[in-house]
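Q: I have a structure open and would like to go through it piece by piece. Can you help me read it?

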Amino acid sequence: MLTTVEALQAVLAATEVFPSEVVDASQSTGRVLRQVIRAERDQPPFDRVMMDGIAFAWADYESGQRSFPIQGLQAAGDVMLTLDSGHCIEIMTGAALPKNADCIVPVERICVTDGTATLEVDYAVKKDRFVHRRGSDYVEGARLLTTGKRISALDIAVIASCGETDVEVARDPVIRVISTGNELVAAGEAIEPHQIRSSNGPAVVALLASHGYERSEHEHILDDVNALKNRLSEHLENAEVLILSGGVSMGKADYVPAVLADLGVEMIFHKISQRPGKPMWFGKGPQGQIVFALPGNPVSALVCCRQYVIPALAKAGSETLRPPEFASLSMNISFKPSLTCFQPVKLLSNAAGQTLAVPVKTNTSGDFASLSITDGYVELPKEQSEFAVGSAVFLHRWIAH
Ligand code: AMP
Ligand code: MG
């Protein structure tokens, strides 16, 4: 049986990088950038005034001048004026600094009478103060965003400021989420006492969407070999990623691995030494499709989706991965089986600035209602069975931020 590390490595090794596409920049939030965004111009592109007030020459001030006839006005967006010696120009925040000017005094520090601005007595003028010099943030051609970055609202500002209308991003993979099981009934449909509400499909679709993968559709298939064969073969034709749930354990109606093998999906592994999620199956289709068959138990399905599917999709998009995160256990935990334990946790922080992981007990791997108060899960290594309060452990958030 593979360890969790081996399983993740196998998943990543089997996952190919998807091609790019060009989209309108305004539609690119949440997509993975596949190009470098370079500065169109120096920033600021001119010596930019940072105060409303007056601009004049340091040389005049240094020679003792304190009153300056107002030569004109320069507001943001106005063409740059040239200052005459011995004068000042009224300037507004965001304007270009007039030529020959290198001193700015805020409007609060001057008094204007008869077209002449006089400085407040004792106001200490400083050369270059309140001037945001051209290129002081960055220069033309600087790399502002690089390939692999998931585009945030902040990046949209950078892209727009570089004058880009289109951007190259990773094409979102076409994903099918397929739940299986005769006992399952979707919300909105009549249900009998012996049946179960189906929740994995909508939950997996939602988890994918919260990681930026919007192109997934859910379908439910009964535990019937022919139905599974027909539907899965169609999904293999139309999708690049299949995420199944249920039917991968040792039960008599657990047909998924056999049907997938029949359809030419090569098994890469079945079972991982972990809890929850031990029965997970993973394979690769004839056209390179990646096929995850997650266990049906809702907690297992979500943990496996977060632990294996999301990193695979990140690789397919060439997304730059975040560094691993750690949290400190808030209490002693004992976990005897020789399996990696993925323990759901709620996060708190302490006064020392540490992230504390508070274990949230799930009754069974089907007890998904308890998960709603959790932020993620911690990874307790297989080799150990006692984990002391305060130990640092890997933290996997349901949703990275
Ligand atoms: P299985 O892996 O098919 O043996 O399913 C394991 C357990 O998870 C069973 O109790 C199922 O009823 C439950 N289960 C499987 N699929 C779903 C689903 N889509 N939604 C909710 N529970 C499920
Ligand atoms: Mg089942």
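This is a predicted model: local features need pLDDT of at least 70, side-chain atom pairs count only at pLDDT 80 or more; totals for chains, interfaces and linings use all residues.

Q: Fine. What is the strand order in the open sheet that contains β16 and β18?
A: The order is β16-β13-β17-β21-β20-β18, six strands in an open sheet with mixed pairing.

Q: Which strands are at the edges?
A: β16 (216–221) and β18 (266–270) are the edge strands, and each of them pairs on one side only. On average, neighbouring strands in this sheet are turned by 20° against each other, direction ignored.

Q: Which helix touches β18, β20 and β21?
A: That is α1, residues 4–14, which packs on the sheet. The direction of α1 makes about 160° with that of β18.

Q: And what does α5 touch?
A: Helix α5 (residues 225–238) also packs on the sheet, where it touches β13 (175–180), β16, β17 (241–245) and β21. Its direction and that of β16 make about 170°.

Q: Back to β18. Do β18 and β20 run parallel or antiparallel?
A: Antiparallel, with four bridges joining β18 to β20 (residues 281–284). One residue pair to look for is E266 with its bridge partner K284 in β20.

Q: Is K284 buried or exposed?
A: K284 counts as buried, because its relative accessibility is 18% and the cut-off for buried is under 20%.

Q: Where does the side chain of K284 reach?
A: It reaches the backbone oxygen of A14, at 2.9 Å. Not counting residues up to four places away in sequence, K284 touches A14, E16, G264, V265, E266, I268 and Q289.

Q: Now β13. How many of its residues are buried?
A: Six of the six, so β13 is largely enclosed by the rest of the structure.

Q: Which residues are on which side?
A: I175, V177 and S179 are on one side, and R176, I178 and T180 are on the other. Both faces are covered, with these residues all buried.

Q: What about the pairing of β13 with β16 and β17?
A: β13 runs parallel to β16, joined by six bridges. Five bridges join β13 to β17, and these two strands are parallel as well. R176 stands opposite E217 in β16, while I178 has L244 in β17 as its bridge partner.

Q: What is the angle between α1 and α7?
A: About 35°, and the axes are 9 Å apart. The crossing of α1 and α7 is right-handed. T4, A7, L8, V11 and L12 in α1 meet Q307, Y308, P311, A312 and K315 in α7. That contact has seven nonpolar, two polar and one charged residues.

Q: What is the strand order in the open sheet with β7 and β8?
A: β7-β4-β6-β5-β9-β8, six strands with mixed pairing. Its edge strands are β7 (103–106) and β8 (110–113). The twist averages 40° from one strand to the next.

Q: How many bridges are there between β5 and β6?
A: Four, and strand β5 (residues 67–74) pairs with strand β6 (residues 88–91) in the parallel sense. Q74 stands opposite I91 in β6.

Q: Last one. Where is T374 found?
A: In the loop between β25 (355–359) and β26 (376–380). T374 is buried, with a relative accessible area of 9%.

Q: What does its side chain contact?
A: The side chain of T374 reaches the backbone oxygen of L371 at 2.6 Å. There is also a polar contact of 2.8 Å between the side chains of T374 and W398. Leaving aside neighbours within four places in sequence, T374 is in contact with P344, V345, K346, V360 and W398.

Terms used
Residues are numbered from 1 along each chain as its sequence is written. Chains are lettered from A and ligands numbered from 1 in the order in which they are written. Side-chain values use heavy atoms; hydrogens and water are left out. Buried means under 20% relative accessible area, exposed over 50%, partly exposed in between (1.4 Å probe, protein chains only). A polar contact is a pair of N or O atoms within 3.5 Å; within protein, one must be able to donate a hydrogen and the other to accept it, and residues adjacent in sequence count only if both atoms are side-chain atoms. Contact means heavy atoms within 4.5 Å. Two strands pair if DSSP finds at least two bridges between them. Axes are lines fitted to C-alpha atoms, for helices over the stretch in contact, and angles run from 0 to 180 degrees between N-to-C directions. A crossing is left-handed if the near helix is turned anticlockwise from the far one by less than a right angle, and right-handed if clockwise. Ala, Val, Leu, Ile, Met, Phe, Trp, Tyr, Cys and Pro count as nonpolar, Asp, Glu, Lys and Arg as charged, and the others, Gly among them, as polar.
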